[in-house]
Amino acid sequence: MNAPLWNSDDAPEPVELGLLEWALVFLRGLPLAILVFGGLLILLAVRLIERPFFGVQRPITPHISQFVCRNAIRVLGIGFSSTGQLMAERGAVVANHSSWLDIFALNARKRVYFVSKAEVANWPGIGWLARATGTVFIERNPKKAREQTQIFRERLTAGHKLLFFPEGTSTDGLRVLPFKTTLFAAFFTEELHDFMHVQPVSVVFHAPVGQPKRFYGWWGDMDFAPHLLKTLGARKQGSIELIYHSPAKVSDFADRKALAAHCEQAVRHGHAFAKLEK
């Protein structure tokens, strides 16, 4: 069963593009497409060599993904900053979810592998990118729990940092929803419990001057194309701020609910403080 989408009581602002905005769509969109799909082709070519020699290990291709994501943000003209130390321990990363831009931002700062619902694998464009970059696809099916835990174990013990969004849906970027605890349960299995750490990250979007505070939010049944055009065509861009909190050791918590509550509190506090400062 799919998780319910979050929806605002107020409809999204209509996307209106004038001549200048359309010019910016072209000036930013063309190099962005070349960067993303050119990077994808290079990544796939390298992976053909990397996979036979290293298997689940990916010593080269994550650097390509990170390069693409860093420069995608530069091409868009969006400001980018981060605070806090990156986790050195093996484990997972959890963050709040506001937009497709989260993926660029989180991968720009830290080489991570996203955990996503299985349906995303079949989405045109986004699904191809997700599969190529090593995304872990999961099914919300209790019968698949053991199999998925084994996949987590294989990837985590290989040193991969798996990143997932415990809210289960994206929002308008003005709030943090309660964290769902389901995926946290996998970290309490015998294979993972003793070495696992989880690092919470607050993802904060600051809208362009003069635009609604939820400018970058992408939620509910909003179409991707209009949101992309609005972002590309913005006369002035805002910024994305990442706040990395102290990693939590799984074995220090009694159960998944306690761990999820701790991570949610850290993400919520960081998000609220950053919004207040602006």
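Histidine 197 counts as buried because its relative accessibility is 14%, where buried means under 20% relative accessible area, exposed over 50% and partly exposed in between (1.4 Å probe, protein chains only). The model is predicted: local features need pLDDT of at least 70, side-chain atom pairs count only at pLDDT 80 or more, and totals for chains, interfaces and linings use all residues. Residues are numbered from 1 along each chain as its sequence is written, and side-chain values use heavy atoms, with hydrogens and water left out.

**Histidine 197**
- Histidine 197 sits in strand 6; strands (E, at least two residues) and helices (H or I, at least four) are DSSP runs numbered from the N terminus.
- A polar atom of the histidine 197 side chain lies 3.2 Å from the backbone oxygen of phenylalanine 195.
- Neighbours within four places in sequence aside, histidine 197 is in contact with Met87, Glu89, Arg90, Gly91, Ala92, Pro247, Ala248, Lys249 and Val250, contact meaning heavy atoms within 4.5 Å.

**Nonpolar cores**
- The largest nonpolar core has 38 residues, and Leu106 and Leu242 have the most contacts inside it; such a core is a set of buried Ala, Val, Leu, Ile, Met, Phe, Trp, Tyr and Cys residues joined through side-chain atoms within 4.5 Å.
- At least two residues of this core come from each of helix 1 (19-54), helix 2, strand 2 (91-95), helix 3 (101-109), strand 6 (197-206) and strand 7 (239-244).
- Another core, of 26 residues, lies apart from it and includes Val176, Phe253, Leu259 and Val267.
- Helix 3 is mostly covered, with seven of its nine residues buried: Leu101, Asp102, Phe104, Ala105, Leu106, Asn107 and Ala108.
- Beyond neighbours within four places in sequence, leucine 242 is in contact with residues including Phe80, Ala105, Leu106, Val201 and Val203.

**Packing of helix 1 and helix 6**
- Helix 1 and helix 6 (residues 224-232) pack at an angle of about 105°, their axes 8 Å apart; axes are lines fitted to C-alpha atoms, for helices over the stretch in contact, and angles run from 0 to 180 degrees between N-to-C directions.
- The two helices are therefore roughly perpendicular, a class that covers 65 to 115 degrees.
- Helix 1 contributes Trp22, Leu24, Val25, Arg28, Gly29 and Leu32 to the contact, and helix 6 contributes Leu229, Thr231 and Leu232.

**Asparagine 71**
- Asparagine 71 belongs to helix 2 (residues 61-76).
- Asparagine 71 and glycine 55 are 16 residues apart in sequence and 28 Å apart in space, C-alpha to C-alpha.

Technical notes. Parallel < 35°, antiparallel > 145°, perpendicular 65-115°, else oblique. Polar contact = N/O pair within 3.5 Å; in protein donor to acceptor, adjacent residues only side chain to side chain.
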